[in-house]
Amino acid sequence: AAVSETGPKRKADQSFIGKIEEVSGPGHVKILTKNRLRPGDPIEIKKPRGVTIKNRVTAVLDENGLPAAAARPNMHARLILEKDASCEAGDIICRL
C-alpha cells in the first residue's frame, strides 16, 4: 500500500499547539493556539537548544480569563500548567 505524503506532516501539524506569547507567573502562560487543547492533555514544552520539558494542562482560560472547556484553534488562551517549567516567551508547546 502506498504511504500518503501528507500523513506524517498532518500528524506533526496536529501535535503543534502554539508558541508561548507571555508568561504571567509560575505555570501560567498565554499562547495563540493552532490546534485544540483540553485540560488534562499532556504536553511538551520545547525550549531553545533542544531542551524539552513534559508537563500537563490543568486549566484553560479564555481571552477574558474565564474557564474554558478547551482552547480552540486561533484562540488566545491562558494555560495553567501542572508544574512550573520556567517557560519563556517563544517556547513551543506540542501535544504528547
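I began with strand 3 and found four bridges joining it to strand 7, the two strands running antiparallel. I note that the model is a predicted one.

I then looked at the pairing of strand 3 with strand 4. These two strands are also antiparallel, and five bridges join them. Glu44 is bridged to Lys54 in strand 4. The hairpin of strand 3 and strand 4 leaves five residues between the strands, and I recorded a positive phi near 65° for Arg49 there.

Next entry: the core. Which residues of the largest nonpolar core touch the most other members? I listed Val29, Leu79, Leu81 and Ile93, out of 18 residues in that core. Strand 1 (16-25), strand 2 (28-33), strand 3 (42-46), strand 4 (52-61) and strand 6 each supply at least two residues. Strand 6 gives the most, with three residues. In soluble globular proteins, nonpolar side chains tend to be buried together.

I looked up the contacts of Leu79, leaving aside neighbours within four places in sequence. Leu79 is in contact with Gly27, His28, Val29, Ile31, Leu37, Val57, Ala59, Val60 and Ile93.

I turned to Asp91, which sits in the loop between strand 6 (76-81) and strand 7 (92-95). Leaving aside neighbours within four places in sequence, I found Asp91 in contact with Gly18, Lys19, Ile20, Ile45, Lys46, Lys47, Pro48 and Ser86.

Last entry: Arg78, in strand 6. I put Arg78 down as partly exposed because its relative accessibility is 28%, which falls between the 20% and 50% cut-offs. I checked Arg78 against Glu22, 56 residues apart along the chain, and found their C-alpha atoms separated by 9.1 Å. The side chains of Arg78 and Glu22 are joined by a polar contact of 3.3 Å. Not counting residues up to four places away in sequence, Arg78 touches Glu22, Ser24, Val29, Lys30, Ala59, Val60 and Leu61. I noted that one of these, Val29, is also among the core residues touching the most other members.

Key:
Residues numbered from 1 in each chain as written. Predicted model: local features only at pLDDT ≥ 70, side-chain atom pairs only at ≥ 80, totals over all residues. Heavy atoms only, no water. Contact = heavy atoms within 4.5 Å. Core = buried A, V, L, I, M, F, W, Y, C linked by side-chain atoms within 4.5 Å. Buried < 20%, exposed > 50% of the residue type's maximum accessible area, 1.4 Å probe, protein only. Pairing = 2+ DSSP bridges. Polar contact = N/O pair within 3.5 Å; in protein donor to acceptor, adjacent residues only side chain to side chain.
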